[in-house]
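Me: I would like to learn how to read a pocket, a core and a strand pairing in a model such as this one. Could we take them in turn?

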Amino acid sequence: MLTCEILSIGDELLIGQVVNTNASYISEKLNSIGIDVTRVTTVGDDATVITKAIKRAWKEQNIVIATGGLGPTHDDISKNIVAKFFGKKLILHKQTLARVKARFASFGYKKMPEANIGQAMIPQGFTVLPNDRGTAPGLLYHFNRKTFIILPGVPHEMKFLMENSVIKLLRKIHKKKLGDVIAHRTLLTTGIGESMLAEKVGDVNNFLVGGATLAYLPKTSGVRMRISVRAKSEQIAKNIIEKIERHIRSRIGAHIYGMNDETLEGAVVALLRKRKERIAAAESCTGGMLSMRITNVPGASEIFPGGVVSYSNDIKMQELGVSEATLHTYGAVSEECAIAMAESALKKFGTTYAIAITGIAGPDGGTSERPVGTVWIALADSYGTTTKLFHFGGERAIIRERSSDAALDMLRKKLI
């Protein structure tokens, strides 16, 4: 079995400024051709630390894939360190220089910055991986039956090179040593906790076949269920995964809204577009978060004409027609207020559905009767209005996120 270490380079990763999504993407791609990722290492822009990390990884692994530090500025030091480690001189690669110049010209620049010439300096003996998404090419070096690859840290550039160069070259170089395909599928759930989910799914020994595994991965928005399979071919792995998925869906299908990288809002927008129906929103404690999530989905304009962020009681009365009596008698965080908000939005926007959210996100504003995390959600259509009371835990941001999740899931369940 071929093993690989992913080396992520950049101070921005260590200080939490940037989330390292590159490593998970690279791992998934390598798994799909039978390469095991045994370690992911993150280091800052420090020459000594980077050199030590490369030395250890090169000694222990069959393949090393590094990302980051290929840019034109002074802090992009990775290429020089790699060249020095392998004892290679940097030479001008004319084809790369021409590509970089052409890219700047395509953006309307009359002259390329001098700093970008450095991106055409390549360690002698390395294979250049042309980058059509940026100015820094990927680089590959194969020696003594091992492969070292370094790619730009910009995610869309890295993905382009993985898909168009790296995977193809690794298949070719290590053809006889590639192991079983490692395939994953993640089922996305919402509205149910991890322990309850596991109880409903049942004993994994009764349905996991072919050495498959099932992992429960909880997040604020719900629990992800990752099925992993190792098999001789992609088709065999796919067949095993689908058999396991059928069992899981038979137990908790109503809680599953998508797979892998899909989103809850994406699933809702797709259902509404298919049914040629529309939704409007009336939000209080979420402050427009529900509307933002819906409009983040391409094509949402077909199903979402707009909404009202009625954060204050005055706006609830002026824009949504919530009566002063309702607010005085029941309060803004009440079933009655949520119903009035939803029904008014339905009328105001002339949509098939309208959903309203009102609650206490905290950290202040809670009482013994209505503690922080109390949220009412109402869903209205021409047949009437349904409501649900939630008590969310966590900090303000988490309560707001869970509130928008719950609203989307109420609508999703209505649509299915």
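Me: By class, how many nonpolar, polar and charged residues does the lining of the largest pocket have?

Reply: Please keep in mind that this is a predicted model. As a general idea, rolling a probe the size of a water molecule over the atoms shows where empty space is left. In this structure, the lining of the largest pocket has 17 charged, 16 polar and 13 nonpolar residues, and the pocket holds about 1500 Å³ of space.

Me: Which residues lie nearest the centre of the largest pocket, and which element gives the most to its lining?

Reply: Of the 46 lining residues, Glu-28, Thr-186, Arg-224, Asn-260 and Asp-261 lie nearest the centre. Strand 9 gives the most to the lining, with eight residues, while the elements that supply at least two residues each include helix 2, helix 9 and helix 14.

Me: Which residues touch the most other members of the largest nonpolar core?

Reply: In soluble globular proteins, nonpolar side chains tend to be buried together. Here the largest nonpolar core has 31 residues, and Leu-272, Ile-279, Leu-290, Ile-294, Ile-377 and Leu-411 touch the most other members. Helix 14 (396-415) and strand 16 (374-381) are among the elements that give two or more residues to this core, and the largest share, seven residues, comes from helix 14. Leaving aside residues up to four places away in sequence, Leu-411 touches Val-268, Leu-272, Ile-279, Tyr-353 and Leu-379.

Me: How many bridges join strand 16 to strand 17?

Reply: Eight bridges join these two strands, which run antiparallel, and strand 16 and strand 17 form a hairpin with two residues between them. Asp-381 has Gly-384 in strand 17 as its bridge partner.

Note on methods
Residues are numbered from 1 along each chain as its sequence is written. This is a predicted model: local features need pLDDT of at least 70, side-chain atom pairs count only at pLDDT 80 or more; totals for chains, interfaces and linings use all residues. Side-chain values use heavy atoms; hydrogens and water are left out. A nonpolar core is a set of buried Ala, Val, Leu, Ile, Met, Phe, Trp, Tyr and Cys residues joined through side-chain atoms within 4.5 Å. Buried means under 20% relative accessible area, exposed over 50%, partly exposed in between (1.4 Å probe, protein chains only). Helices (H or I, at least four residues) and strands (E, at least two) are DSSP runs, numbered from the N terminus. Contact means heavy atoms within 4.5 Å. Two strands pair if DSSP finds at least two bridges between them. On a 1 Å grid over the protein atoms alone, a cavity is a set of points where a 1.4 Å probe fits but cannot get out, and a pocket is an open set with protein on both sides within 12 Å along at least five of seven lines; lining residues have an atom within 4 Å of a point. Grid points are joined across faces, edges and corners, and a volume is the space filled by probe spheres set on the points. Ala, Val, Leu, Ile, Met, Phe, Trp, Tyr, Cys and Pro count as nonpolar, Asp, Glu, Lys and Arg as charged, and the others, Gly among them, as polar.
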